[in-house]
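Subject: Structure handover and notes

Dear colleague,

I am passing on the structure below, together with my notes on what was found in it. Please read the notes with the model open beside them.

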Amino acid sequence: MRENMLSERRHPLSKIEHVVQAALSDAVLVSLLQRYGCTIEQTTVHFPEGTTAEKILPGRGVTTRYSIVLPDGVELLWKQGYPIVQPARSMLQIDEDLYEQEEERIAPKRRCNVSRETF
């Protein structure tokens, strides 16, 4: 019974709009999102089919927090500001360990890009 209650709180999520530029300028976060099937179009992140979101209670301050689970099981945190001033801004975050793993994974590519630019 409790399992059904929990699953009813998770809702399909196809996109988040108005993601702050700081998040989308983070090469590690963008790499991770793309690796798990997300696409980014300006300030909108599109998620692969099967992505779900659940509101994390209680909300704190002027933001609402959500747990996002990608189809592969990767979990993200989505913070959305209340729409006091339109449009409401969104922020995406990932677990520190997952961030460091992705950073190590893309580090060789970054070094190659840097060395090409110096020649």
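What percentage of the residues in the protein chain is buried? Buried residues, meaning those under 20% relative accessible area, where exposed means over 50% and partly exposed lies in between (1.4 Å probe, protein chains only), make up 30% of the 119 residues in the chain. Please bear in mind that this is a predicted model, in which local features need pLDDT of at least 70 and side-chain atom pairs count only at pLDDT 80 or more, while totals for chains, interfaces and linings use all residues. Residues are numbered from 1 along each chain as its sequence is written, and side-chain values use heavy atoms, with hydrogens and water left out.

The protein chain has four helices and eight strands, where helices (H or I, at least four residues) and strands (E, at least two) are DSSP runs numbered from the N terminus. Read along the sequence, these elements follow the pattern α-β-β-α-α-β-β-β-β-β-β-α. Among the contacts (heavy atoms within 4.5 Å) in the protein chain with a separation of 6 or more, 47% are between residues 24 or more positions apart. The accessible surface, computed by the Shrake-Rupley method with a 1.4 Å probe, comes to about 8100 Å², and 51% of that area belongs to carbon and sulfur atoms.

Leaving out residues up to four places away in sequence, Thr43 touches Ile16, Glu17, His18, Val19, Gln21 and Leu24. Thr43 and Val20 are 23 residues apart in sequence, with their C-alpha atoms 7.0 Å apart in space.

His18 is also among the contacts of Arg89, which include Val20, Lys79, Gln80 and Gly81 when neighbours within four places in sequence are set aside. Arg89 lies in the loop between strand 7 (75-81) and strand 8 (90-94), and it is partly exposed because its relative accessibility is 45%. From C-alpha to C-alpha, Arg89 and Gln21 are 9.8 Å apart, although 68 residues separate them in sequence.

Turning to helix 3 (residues 27-35), Ser31 has its place there and counts as buried because its relative accessibility is 13%. Not counting residues up to four places away in sequence, Ser31 touches Glu102, Arg105 and Ile106.

Which helix gives the most to the negative patch? Helix 4 (residues 96-118) does, with five residues. The surface patch as a whole is formed by Glu75, Asp95, Glu96, Asp97, Glu100, Glu103 and Glu104. Glu96, whose place is in helix 4, counts as exposed because its relative accessibility is 58%.

With best regards

Notes
Patch = residues over 30% accessible without salt bridge, like charges linked within 9 Å, V, L, I, M, F, W, Y side chains within 5 Å. Salt bridge = Lys/Arg side-chain N within 4 Å of Asp/Glu carboxyl O. Lys, Arg positive; Asp, Glu negative; His and termini not counted. Charge placed at Lys NZ, Arg CZ, Asp CG, Glu CD.
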